[in-house]
Structures are given as C-alpha cells and as structure tokens.
Amino acid sequence: MFDSNLKVWYNGKIVPWSDATLHAASHVVHYGSSIFEGIRAYTTSDGPAIFRLQDHLDRFYTGAKIYGMEIPFGSEVLREACFELLRVNDLSSAYIRPVVFRGLKALGIDPTACPVEAFVLAWEWGPYLGETALQDGVDVCVSSWRRMAPDTLPAMAKAGGHYTNSQLMKMEALTNGYHEGIALDSSGLISEGPGQNIFVVYRDTLLTPPMSAAILPGLTRDSILQLAEHLRIPYRLENLPREMLYAAREVFFAGTAVEITPIRSVDRKPVGDGKPGPITRKLQNMFFDVVHGRVAEFSGWLERPVSHGARLEAAAAS
Ligand code: PMP
C-alpha cells in the first residue's frame, strides 16, 4: 500500500516520506484531535482527475469549524497540494488523504493552545474491501456498537477521534468472520458502516438513512442520489429499521474507499438471492463510467488543476 519513495505535503512543503512525522507529545496522538478527508483521483482519457475535490474540501473545512480548528491554509492551497502530490508521486489514480491536527504545545485536554498543522498524503489504493468485493459483494453483520448519539459527537465532522467507534465495529466484524459491520444509531435505526454509507432497495425504491441517523454526509451517497435521479430510479431518504436489511432485495455500501460495494448477506441471511442486484449494478456501472470521465453530464465532478495558461489569464483579469 505504501511506498517509502512517496512524497508527502507537510505544512506547505513537499517532504520525503521519512520526514512526514510528528512529536509523541502532539495533542492529536493522545486525544484524536484531527479532521481528515478521503478523496479519490481516477484515470480519465484526459489524465488523472480528482472526484468532487471541492466538495470534499468544503466538508473538511466544515468539520474543522465544528471543532473550532482554524486551518492555517486556504482551500485553494490544499487543492493545489492534492494535484501537486499526484504530479510529484507520478500517480495516475490515487487515494488522497488531507489531515489537519492539533500539534505540539500542551497536553491538557483543552486543544486551543496547540498549533493546527496539516499533511496531505496520496498513494495508489485499489478496492478497499478486496478485489472481489466490487464484483461479488461482501458479507456483513449488524454491529453491537452503536453510532454516536447526536448530542455526543458531531457526525457531520470527519474527525479522527470518531473513528475509535469505527475501529470497534470493524474489529468485531472481522473477529466474527464478516467483511464489515453496520451500526444502528442511538435510537436503534440503521445508521452507516464504519467508513461508508448504506443503501437498500425495497420494492424498487432506493432508500438511505437521513442525516439525523448519525451519518457522515457522504459524497458518494450524494452522487448516488443524483445518479438515481438521472436514471429515474425512485429514491427516498428515510429512517430504516434493522429488519429492512433482511427484507430488502438489494443492499450496498457507498463511500470513497468502498465506492459502490454490493452486500450479499447480512447476519448470514442472503440479501435477495445472494448476488448483487440490478439496481446496485446499474448504479455501480454508471458510477464507474462517471468517475472515469465517460459521462458528459457529470464531467463537472471531475476536477483538474487549473492550467498554467488559465492561471495567467485569471491573474491578468484580476
Ligand atoms: N461514513 C463514514 C463514517 C465515512 O468515514 C465515510 C468515508 N468518508 C463515509 C460515510 C462516506 O463518505 P464519502 O462518500 O464522502 O467518502
């Protein structure tokens, strides 16, 4: 997965992999005080393009705002950092991980004195749940760990500390022989996976839990809803009881890392006939066409660096 020849963006500079380190007394090491993003760049016929980069950066800044963290770089700087990392690491497709965190100053819980620092990493990362997951689907369980109640941790922020909950879900699922877990929210309704949103197809309608179910507002989720609209697949945001996972004809995960991964069983009960269903497949095929630049209507989701010429023109016009 990692290659020690990779370069990393660290507080505004490109540094060697081995220099992208932080001090043991940094606040983030002890209290999980970070905000991060997970973004993918895909190959297209016009070179690599980053999928919905600005929307990911907007979520990143929103998360930092929720946690009162002032990011010492503008979003145009981080945007450029993402493209620069693709260039310097010679990546035609990649997973890109910006992270801001509270650094070294004081180790009380109050984070406010600690400087906010930033890394951006990029590396080649294939299918998150393994090569066959996208094709055949995965086996999942309902986790015994719940998602956070709305007045405990802010689910809209992609904060490092929140992923201790995700780790518990993931380890429990693996220990019990599943690929992944699905969490219920604090009222017992379906929430999401440890790092992905969830959709079901019930009576030909695509359903996914609303924001109030302690979910991260996923950009893959949002893209799927827009693709469903385009494909005239009926859809609704709806609170879903656990048993919907057994009643639904199709179930799938959606996220930057997992992309669109069919779920073939939940708690050892087959979903539908145990094979990825037609609506899942249709959305999956369309999604991969879109991210690889094969669908003109959605080419606006594929972002590329502003060319040198365009930058000069913009500077001259301002
Ligand atoms: N939920 C959680 C908890 C996540 O970590 C992620 C991954 N960022 C998602 C949902 C899916 O979000 P996205 O589609 O923007 O990657």
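Analyst: What follows describes the ligand, its shell and then the pocket. The model is predicted, and the values below are computed from it.

The shell around the ligand holds 17 residues, and the nearest of these are Tyr163, Glu192, Leu219, Thr220 and Thr256. In the side chain of Tyr163, an N or O atom is 2.4 Å from a ligand oxygen. Thr220 also uses its side chain, with a polar atom placed 2.6 Å from an oxygen atom of the ligand. Leu219 contributes through its backbone instead, where an N or O atom lies 2.7 Å from a ligand oxygen. The ligand on its own would expose 380 Å², and the protein buries 96% of that area.

Where does the ligand sit? The space it takes is the largest pocket. Helix 2 (53–66), helix 6 (219–231) and strand 14 (250–255) are the elements that each give two or more residues to the shell around the ligand. Sorted by class, that shell contains eight polar, five nonpolar and four charged residues.

The largest pocket itself has a volume of about 680 Å³. Its lining consists of 36 residues, and those nearest the pocket centre are Phe36, Lys158, Tyr163, Pro194 and Gly195. Two or more lining residues come from each of helix 2, strand 6 (94–102), helix 5 (163–175), helix 6 and strand 14. Helix 5 gives the largest share of the lining, five residues. By class, the lining has 14 nonpolar, 14 polar and eight charged residues.

Key: Residues are numbered from 1 along each chain as its sequence is written. This is a predicted model: local features need pLDDT of at least 70, side-chain atom pairs count only at pLDDT 80 or more; totals for chains, interfaces and linings use all residues. Side-chain values use heavy atoms; hydrogens and water are left out. A residue is near a molecule or strand if one of its heavy atoms lies within 4 Å of it. A polar contact is a pair of N or O atoms within 3.5 Å; within protein, one must be able to donate a hydrogen and the other to accept it, and residues adjacent in sequence count only if both atoms are side-chain atoms. Accessible areas come from the Shrake-Rupley method with a 1.4 Å probe; for residues, only the protein chains shown count as cover. On a 1 Å grid over the protein atoms alone, a cavity is a set of points where a 1.4 Å probe fits but cannot get out, and a pocket is an open set with protein on both sides within 12 Å along at least five of seven lines; lining residues have an atom within 4 Å of a point. A molecule sits in a cavity or pocket if more than half of its atoms lie within 2 Å of its grid points. Helices (H or I, at least four residues) and strands (E, at least two) are DSSP runs, numbered from the N terminus. Ala, Val, Leu, Ile, Met, Phe, Trp, Tyr, Cys and Pro count as nonpolar, Asp, Glu, Lys and Arg as charged, and the others, Gly among them, as polar. Grid points are joined across faces, edges and corners, and a volume is the space filled by probe spheres set on the points.
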